[in-house]
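Thanks for sending this one over. Here are my notes, in the order in which I would look at things on screen.

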Amino acid sequence: MTTRVLLVDDQALLRLGFRMVLETQPDLEVVGEAGDGTQAVAMTRALAPDVVLMDVRMPVTDGIEATRRIVESGSAARVLVLTTFNLDEYVYAALRAGASGFLLKDVPPADLISGIRAVAAGDAVVAPSVTRRLIDAFAPHLPDPASGRSPTDARLDQLTEREREVLVEVARGGSNGEIARALTVSEATVKTHVGRILTKLALRDRVQVVVFAYEAGIVRPGTE
């Protein structure tokens with residue numbers, strides 16, 4: 001099965017570089033290029049890509065707003081955000097807007113390819129530990145649990161005790177294998193629990209689980 005990719009970046013040379021990398025793969029097809037967020041939204045609607053490789057900082061409409069519009073439109077396309085990490089203070093907002101993950105702009109070609117494939121398959125695209133570092137960096141944006149129950153807390157009532165345990169382990173950066181060892185269950189069982197958590201909380205993927213857990217105050221930045 002071929003994964004259709006839309007490239008979104010205001011720098012034509014970067015788009016060309018990404019295209020050259022992706023077109024070496026028989027299972028990846030670049031279906032279009034957009035130079036800003038407004039074009040990205042329109043082309044996502046017209047071309048129905050599986051994955052949108054989305055830059056954050058762009059003229060006209062930035063990657064955050066474009067991501068939000070794509071997700072809210074009900075598109076099946078999954079958004080993979082490109083960031084310089086240390087400079088983009090917008091990545092947390094992009095995840096909240098519905099992005100499925102993020103990659104560094106200087107990502108090695110092999111990691112770019114595997115990341116796109118992972119997103120297309122519905123998996124996380126970055127190591128959970130990197131996701132945790134990202135959340136730690138944006139701790140000031142997170143609500144203080146002492147201020148009262150978060151609006152998202154009510155959804156936690158839908159989870160079983162075991163699902164809550166898995167949720168915490170995912171938010172702390174555990175892979176399925178690590179969680180299985182920590183809870184003394186099989187990886188298949190962990191995968192089933194993660195799937196149920198996503199369904200019950202109406203989340204798109206593991207990255208969104210991490211964001212939810214931090215926003216709800218279940219796990220705080222810097223905690224293990």
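This is a predicted model: local features need pLDDT of at least 70, side-chain atom pairs count only at pLDDT 80 or more; totals for chains, interfaces and linings use all residues.

Is leucine 13 buried or exposed? At 71% relative accessibility, leucine 13 counts as exposed; here buried means under 20% relative accessible area, exposed over 50%, and partly exposed in between, with a 1.4 Å probe and protein chains only.

1. Residues are numbered from 1 along each chain as its sequence is written, and side-chain values use heavy atoms, with hydrogens and water left out.

2. **Overall make-up.** The chain has 10 helices and 5 strands; these are DSSP runs numbered from the N terminus, helices being H or I with at least four residues and strands E with at least two. Of its 224 residues, 47% count as buried. The accessible surface comes to about 10500 Å², and carbon and sulfur atoms own 52% of that (Shrake-Rupley method, 1.4 Å probe; for residues, only the protein chains shown count as cover). Among contacts with a separation of 6 or more, 69% are between residues 24 or more positions apart, where contact means heavy atoms within 4.5 Å.

3. **The sheet.** The 5 strands form an open, parallel sheet in the order E2-E1-E3-E4-E5; two strands pair if DSSP finds at least two bridges between them. E2 and strand E5 (101-104) are the edges, each with a single partner strand, so one side of each has no neighbour in the sheet. On average, neighbouring strands are turned by 25° against each other, direction ignored. Leucine 53 has leucine 80 in E4 as its bridge partner.

4. **Helices on the sheet.** H1 lies across strand E1 (3-8), E2, E3 and E4, and runs at about 165° to E2. Helix H5 (residues 109-120) also packs on the sheet, touching E1, E2, E3, E4 and E5, and its direction makes about 125° with that of E3. For these angles, axes are lines fitted to C-alpha atoms, for helices over the stretch in contact, and values run from 0 to 180 degrees between N-to-C directions.

5. **The surface of H1.** Leucine 13, our opening residue, is found in helix H1. Together with Leu16 and Met20, Leu13 makes a nonpolar surface patch of about 350 Å². Such patches take residues with over 30% relative accessible area and no salt bridge; nonpolar side chains (Val, Leu, Ile, Met, Phe, Trp, Tyr) are joined within 5 Å, and like charges within 9 Å.

6. **Salt bridges.** The structure holds 11 salt bridges, each a side-chain nitrogen of Lys or Arg within 4 Å of a carboxyl oxygen of Asp or Glu. In one of them, glutamate 33 meets arginine 15 at 2.8 Å, N to O. This pair links distant parts of the chain, with glutamate 33 in strand E2 (residues 28-34) and arginine 15 in helix H1 (residues 12-22), 18 residues apart. Arginine 15 is buried at 15% relative accessibility, whereas glutamate 33 is partly exposed at 27%. Arginine 19 and glutamate 23 also form a salt bridge (2.8 Å, N to O).

7. **Helix H7.** Arginine 162 and glutamate 165 meet in a salt bridge at 2.8 Å, N to O; they are 3 residues apart in H7, about one helical turn. Arginine 162 is partly exposed at 32%, and so is glutamate 165 at 30%. By contrast, Glu163, Val166, Leu167, Val168, Val170 and Ala171 of H7 (residues 161-171) are buried. Their cover includes helix H8 (176-183), helix H9 (187-201) and helix H10 (206-215). Glycine 173, with a positive phi near 105°, follows H7.

8. **A buried loop residue.** Leucine 203 lies in the loop between H9 and H10 and counts as buried at 16% relative accessibility. Leaving aside neighbours within four places in sequence, leucine 203 is in contact with Arg155, Leu198, Gln208, Val209 and Phe212. The C-alpha atoms of leucine 203 and glycine 98 are separated by 8.9 Å, although these residues are 105 apart along the chain.
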